[in-house]
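Hi,

Here is the structure I said I would pass on.

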Amino acid sequence: MSTTFNPKVFGDIEKAEERWRKELEKIFRQHGERLERFSTVSDVEIDRIYTPLDVRDQRYMGALGFPGEYPFTRGVQPSMYRGRLWTMRMFAGLGTARDTNRRFHLLVKAGQTGLSTAFDMPTLMGYDSDAPKARGECGRCGVAIDTLKDMEDLFEGLPIDQITTSMTINPPASIIWAMYIAMAENRGIPREVIGGTIQNDMLKEFIAQKTFMCPPRPSVRLVTDTVEFGTREVPRWNTISISGYHIREAGSTAVQELAFTLADGIAYTEEAVKRGLPVDSFAPRFSFFFNSHLDFFEEVAKFRAARRMWGKIMRERFKAQNPRSWWLRFHTQTAGCSLTAQQPYNNVVRTALEALAAVLGGTQSLHTNSLDEVLAIPTEEAATIALRTQQIIAEESGVANTIDPLGGSYFVEALTDKMERDAFEIIQKIDDMGGMLAAIERNYPQQEIADAAYHYQRQVDAGQKTVVGVNKYVTDEDIPVEILELDEELERLQIEKLDRVKSLRDAARVAECLERVGEACAAEKNVMEPVIAAVKAQATLQEVCDVYRSVFGTYRDPGIY
């Protein structure tokens with residue numbers, strides 16, 4: 001197979017480039033040159049210019065091809081955004097279920113095309129709102145969900161048989177998903193009809209986000225239970241959103257985000273295959289979740305490399321036969337860690353650039369952060385501006401008119417190739433350790449991310465990396481931003497609601513259902529049907545999580561410095 005470029009022209013390009021560089025040096029001697037080192041946010045050094053020489057070995061069909069065809073560098077769907085725009089899925093969650101339900105209705109009315117749910121910290125950690133550890137946190141960083149009644153209130157009046165729902169939940173993912181299934185079935189909607197995603201990525205929790213409940217190995221066992229159950233019972237559901245987002249938010253480089261995320265995907269695939277599932281039965285429903293940071297071209301290259309790498313992994317490593325198993329479908333969120341409390345309106349510009357990179361990288365769905373997220377839960381006005389950012393990109397910018405418009409750029413292609421090479425090197429290191437679970441137990445990804453975060457912060461502190469309004473172009477002006485204030489009564493009202501549910505339920509039935517959950521855990525049987533039965537009996541989130549904790553034990557992070 002020949003390379004994309006005719007090798008005969010390389011000699012002419014080399015001579016021309018050598019002549020150009022000599023002329024450039026003369027100009028620099030006369031007029032000076034910016035002396036700083038040019039590198040990406042991840043500190044990948046960038047050359048002055050890129051030419052066909054930088055992609056001289058690239059074979060078009062092998063490295064790029066066409067959208068919808070292996071290796072999917074240019075997109076997973078043949079028509080991409082000319083056929084259908086990405087799903088505009090704004091993350092929302094605040095206060096009680098009814099509070100968030102109102103926000104959902106507002107966003108759908110404003111043109112949002114998918115729901116995305118943020119849960120409060122007690123819910124994320126598997127505790128009810130009345131737990132001593134939950135006090136003061138109810139509804140603060142997302143919605144509080146204690147029982148099936150809360151789930152029913154959360155989605156009241158929303159067409160869940162027509163719109164997909166994403167839920168950012170990890171340790172209690174099986175329970176939250178069970179509540180969603182039960183809520184749908186109570187409305188007469190079969191589980192085969194509902195569509196959406198639970199994040200359910202415990203490996204990245206141990207690596208980066210740090211919301212955990214049980215130790216790594218039983219945690220992955222519960223994830224595998226959901227994959228098995230979804231494959232057989234809920235065919236339109238993505239049972240894992242393999243998430244690089246939080247890895248990047250913790251301070252990783254773009255290449256580390258790419259490598260650790262795909263290594264997590266490899267680990268989940270291996271566990272499902274060990275369970276006896278044919279790879280093509282579940283792999284088409286795996287989805288991914290990436291961060292879109294501020295270095296525009298680095299992010300575009302990362303997304304393109306991710307698709308190509310996953311296609312190779314599934315086809316060559318796991319021998320998947322269904323082309324849909326080779327697809328890397330992903331949701332993107334703009335980088336929360338790039339937002340600043342200083343000069344907060346700058347965050348609108350940051351978010352727009354990050355969203356544009358995600359679109360040019362070929363995302364399937366997108367959340368754009370609100371300008372005030374660094375300060376508090378977004379106001380309705382800020383959330384609407386964030387949604388309008390996506391709509392302007394989609395409808396006014398023209399970037400959706402053609403597929404992969406940056407494809408063929410010498411710079412983008414060279415950077416894509418480099419990211420793929422570097423990420424596969426990291427994956428090989430993880431394989432040599434015995435896989436991602438073993439690597440986590442050795443604290444390998446945690447230490448690598450900590451080192452990268454420290455390196456970047458040192459560069460910011462030294463002025464080698466600019467953060468506008470923080471270490472450059474600083475002003476003393478105090479820019480007022482409206483902050484959403486939550487009602488202080490919220491927690492009391494939520495606990496009263498929980499008490500009512502407990503007082504009206506059949507306690508004996510709840511106890512029997514929880515006992516069956518424990519038996520399934522201990523016998524290594526799939527937990528999903530017993531958990532669905534338990535939540536239908538109005539068992540609370542914490543009651544089921546306490547069963548998990550009692551059988552599997554609890555996890556304490558060892559801490560890496």
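Predicted model: local features only at pLDDT ≥ 70, side-chain atom pairs only at ≥ 80, totals over all residues.

Let's start with the strands. There are 9 of them in an open sheet, with parallel pairing, and the order is S5-S4-S3-S2-S1-S9-S8-S7-S6. At the edges sit strand S5 (237–238) and strand S6 (241–243), each of which pairs on one side only.

With strand S9 (residues 365–367) S8 runs parallel, and 3 bridges join the two. Thr332 has Leu366 of S9 as its bridge partner. Helix H15 (residues 346–360) packs on the sheet here and touches strand S7 (287–292), S8 and S9. The direction of H15 makes about 165 degrees with that of S8. S8 also runs parallel to S7, and 5 bridges join that pair; Ser292 is the residue that stands opposite Thr334 in S8.

Is S8 covered or open to solvent? Mostly covered: 5 of its 5 residues are buried. In a regular strand, side chains alternate between the two faces of the sheet. In S8, Phe330, Thr332 and Thr334 are on one side, His331 and Gln333 are on the other, and all are buried, so both faces are covered.

Helix H9 (residues 216–233) passes a simple length test. At 1.5 Å a residue, its 18 residues should span 26 Å, and the end C-alpha atoms are 26 Å apart, which agrees. H9 is mostly covered, with 14 of its 18 residues buried.

Helix H20 (residues 490–504) gets the same kind of test. Its 15 residues should span 21 Å at 1.5 Å a residue, and its end C-alpha atoms are 22 Å apart, which agrees. Which residues of H20 are buried? They are Leu490, Gln494, Ile495, Lys497, Leu498 and Val501. These cover an arc of only 155 degrees around the axis, which puts them on the same side of H20. Ser503 and Leu504, on the other side of H20, are exposed. As for what covers the buried residues of H20, helix H4 (97–109) and helix H6 (148–154) are included.

**The core**

The largest nonpolar core has 144 residues. Those with the most contacts inside this core are Met151, Phe155, Met436 and Tyr548.

**Single residues**

Gln542 has its place in helix H23 (residues 541–552). Why does Gln542 count as buried? Its relative accessible area is 16%, and the cut-off for buried is under 20%. Apart from neighbours within four places in sequence, Gln542 is in contact with Gly126, Tyr127, Asp128, Ala131 and Arg549.

- The peptide bond from Tyr70 to Pro71 is cis, with omega near 10 degrees. Pro71 lies in the loop between helix H2 (60–64) and helix H3 (80–83).
- Asp43 has phi near 70 degrees, a positive value in a residue other than glycine. Asp43 is found in the loop between helix H1 (10–31) and H2, and at 16% relative accessibility Asp43 counts as buried.
- Tyr473 is not a glycine either, yet its phi is positive, at about 60 degrees. Tyr473 lies in the loop between helix H19 (444–461) and H20, and is exposed, with a relative accessible area of 55%.

Last one: Arg82, in helix H3. Arg82 is exposed, with a relative accessible area of 60%. What does Arg82 touch, not counting residues up to four places away in sequence? The answer is Ala400, Asn401 and Thr402. Arg82 and Asn401 are 319 residues apart along the chain, and their C-alpha atoms are separated by 6.2 Å.

Cheers

Note on methods:
Residues numbered from 1 in each chain as written. Heavy atoms only, no water. Core = buried A, V, L, I, M, F, W, Y, C linked by side-chain atoms within 4.5 Å. Buried < 20%, exposed > 50% of the residue type's maximum accessible area, 1.4 Å probe, protein only. Pairing = 2+ DSSP bridges. Helix = DSSP H or I, 4+ residues; strand = E, 2+ residues; numbered from the N terminus. Contact = heavy atoms within 4.5 Å. Axes fitted to C-alpha atoms, helices over the stretch in contact; angles between N-to-C directions. Expected span 1.5 Å × (residues − 1). Arc of directions from axis to C-beta.
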